[in-house]
Amino acid sequence: MTAFAPDSLVLNRKLPLWYQVSQSLRASILGRTPDASLRLPTEEQLAAHYGVSVLTMRQALKELEEEGLISRHRRRGTFIEPGARRSTPRRLLGSIDAIVAQQSGERTTVLGHGPEPVPGELAEHFPDLAEVATYRRLRRDGESGEPTNWAENAVRPEFAAAIDPADLERWPMTKVLRDVVGVRISRITDTVEARLADPETAELLQVPLLSPILHYTGVTYDDGGRVVDVARIRYRGDRFSFTVTVEAH
């Protein structure tokens, strides 16, 4: 491998392999460190890393090239575009790595964290708990610095004990739980609805009070069926749209 090291990936055979690989590689590209190499490993090296065929890898790279995240040069190799950043439309296709990719590539500030009583609206997800660990983060566009969304996560205390808040400034909560804490995530349910900006959201996102926002709720389950994390993310309505793709099998 080169100095650029893509994340590992657990493949879900119910979803297109090229899509999962492209999502995982996208997250690695957008979450890379500033000093990481812009040159990607070869198609063969990436295919071996992800455990897929070169043809599948080629299709995944084509997807990223069409998005403007990478450029491919005959004989020279494949390179990350220096200004590569996540585009605003969000496409959901039921992959955990897709969730990670959706939340990558932005400048994140941890606004605060600590134990809090379980909010009434989340009581159904944590019926055995009196308290959860809450993390609040503000995300900004990587280039303009403009606030784009703010996130509030409620995490089971036994898992929160292993979370370093500094990791949340670099990686999404889903990645930290899975790859750092070691939670065996079985599924994430997503809900997106239109709401009006409350005073806190209006101030953080710098939008008018009661202006439209997109409110995302993601509920993460471990392999024992317990809710590990509930993420509530408020997106600026003038910056984001969501697309859900249904694959026929």
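Reply: Happy to! Let's start at one pair of strands: β4 is joined by 10 bridges to β5, residues 131-140, and the two run antiparallel. Within this pair, Thr 109 has Leu 138 of β5 standing opposite. Keep in mind as you look that this is a predicted model.

Now widen the view. The pair belongs to an open sheet of six strands, with antiparallel pairing, and the order across the sheet is β4-β5-β6-β9-β8-β7. At its edges are β4, covering 107-117, and β7, covering 185-196, each of which pairs on one side only. From one strand to the next, the twist averages 15 degrees. In general, the strands of a sheet pair through backbone hydrogen bonds, either parallel or antiparallel.

Next, the side chains. The largest nonpolar core has 20 residues, and the ones that touch the most other members are Tyr 135, Val 155, Ile 163, Leu 168, Met 173 and Leu 177. At least two residues of this core come from each of β5, β6 (147-155), α5, α6 (173-181), β7, β8 (212-222) and β9 (227-236). Another core, of 18 residues, lies apart from it, and its members include Phe 4, Ile 29, Tyr 50 and Leu 69. As a general point, nonpolar side chains tend to be buried together in soluble globular proteins.

Leu 210 sits in the loop between α7 (199-205) and β8. Its phi is positive, about 70 degrees, although Leu 210 is not a glycine. Is Leu 210 buried or exposed? With a relative accessibility of 53%, Leu 210 counts as exposed, because the cut-off for that class is over 50%.

Arg 75, between β1 (70-73) and β2 (77-80), is a residue other than glycine with a positive phi, near 75 degrees. Arg 75 has 81% relative accessibility and so counts as exposed.

Finally, how far can you trust the picture? The protein's average pLDDT is 84, and 84% of the residues score at least 70. Confidence is highest in helix α5, residues 157-160, with a mean of 97, and lowest in strand β3, residues 89-92, with a mean of 48. The pLDDT is below 50 over residues 87-94, a stretch that has 32 contacts in the model beyond near neighbours in sequence. Where pLDDT is low, the predicted coordinates should not be read in detail.

Conventions
Residues numbered from 1 in each chain as written. Predicted model: local features only at pLDDT ≥ 70, side-chain atom pairs only at ≥ 80, totals over all residues. Heavy atoms only, no water. Pairing = 2+ DSSP bridges. Helix = DSSP H or I, 4+ residues; strand = E, 2+ residues; numbered from the N terminus. Axes fitted to C-alpha atoms, helices over the stretch in contact; angles between N-to-C directions. pLDDT = per-residue confidence, 0-100. Contact = heavy atoms within 4.5 Å. Core = buried A, V, L, I, M, F, W, Y, C linked by side-chain atoms within 4.5 Å. Buried < 20%, exposed > 50% of the residue type's maximum accessible area, 1.4 Å probe, protein only.
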